[in-house]
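Here is a short briefing to read alongside your model. Please keep the viewer open as you go.

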Amino acid sequence: MTLSNTERKIIENSIRDIKDFPKKGIVFKDITTLLNNKKAYSVLMNHLYTRYKAYDLEYIAGIDARGFIFGAALAQMLGIGFVPIRKKGKLPYTTISEKYALEYGVDEIEVHIDAFGKEKGARVLIIDDLIATGGTANAAATLVKQTGAECVECCFIIGLTFLDGIKKLEEKTDVYSLIEVQD
Ligand code: AMP
């Protein structure tokens, strides 16, 4: 179940490119113009619902922070639980954490140890707005597996295919990106 060309155009046209943000040479994909566009937001969420209702998921795990917006809305539509994967230091209960490399330095994300329930093997979809190098999503997939849950797929609204993030992540889990950006 993938996007029709009409749906893809509506979503693609609602995303705004901001050159040189947050620093020179980066084209930032601004999804706030998707969120405040009721047609595009609704086409997107209905597509995600239609695709994932057949996946027998038990949780959506959203990556801090834009993954929360799509993930929480989708979990409610599917009638399943939502789990935030947060930047280090934000979650109050016992966590497990995973470091990943940034262009300069490292970052760390964490999840509550009991977030996916007591039983092992809960079916989890990870969601974020965008995959670039794949470092964040890879760390998120590692965390989900470390809790004993199963990462069924990683979903992104935008995939930057000129970087090898998607390819690397595909070694670990299925990947679905709705809009692929080639340069
Ligand atoms: P990465 O770990 O390199 O795949 O980076 C993914 C994370 O950084 C996601 O949470 C994105 O929201 C953010 N990000 C990276 N590059 C961009 C970009 N060009 N435009 C918008 N967000 C970005």
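Helices (H or I, at least four residues) and strands (E, at least two) are DSSP runs, numbered from the N terminus. This is a predicted model, where local features need pLDDT of at least 70, side-chain atom pairs count only at pLDDT 80 or more, and totals for chains, interfaces and linings use all residues. Residues are numbered from 1 along each chain as its sequence is written, and side-chain values use heavy atoms, with hydrogens and water left out.

**The largest pocket**

- A pocket is an open set of points on a 1 Å grid over the protein atoms alone, where a 1.4 Å probe fits, with protein on both sides within 12 Å along at least five of seven lines; lining residues have an atom within 4 Å of a point.
- The largest pocket holds about 1,200 Å³ of space, a volume being the space filled by probe spheres set on the points.
- It is lined by 35 residues, and Phe 28, Leu 130, Ala 132, Thr 133 and Thr 136 are the closest to its centre.
- Two or more lining residues come from each of strand E2 (27–30), strand E5 (95–101), E7, helix H5 (135–146) and strand E8 (150–160).
- E7 gives the largest share of this lining, four residues.

**Aromatic rings**

- Rings of Phe, Tyr and Trp (its six-membered ring) pair if their centres lie within 6.5 Å; planes under 30 degrees apart count as stacked, over 60 as edge-to-face and the rest as tilted.
- By this rule there are four aromatic pairs.
- One of them joins Tyr 52 and Tyr 55 edge-to-face, 4.8 Å centre to centre with 65° between the planes.
- Tyr 59 and Phe 116 also pair edge-to-face, at 5.5 Å centre to centre and 80° between the planes.
- This second pair links distant parts of the chain, 57 residues apart: Tyr 59 lies in strand E3 (residues 59–63), and Phe 116 in the loop between strand E6 (106–112) and strand E7 (123–131).
- Both Tyr 59 and Phe 116 are buried, where buried means under 20% relative accessible area, exposed over 50% and partly exposed in between (1.4 Å probe, protein chains only).

**Two residues to look up**

- Asn 138 is in helix H5 and counts as buried because its relative accessibility is 19%.
- Leaving aside neighbours within four places in sequence, Asn 138 is in contact (heavy atoms within 4.5 Å) with Lys 168, Leu 169 and Lys 172.
- Gln 182 sits in the segment after strand E9 (174–181) and is exposed, with a relative accessible area of 61%.
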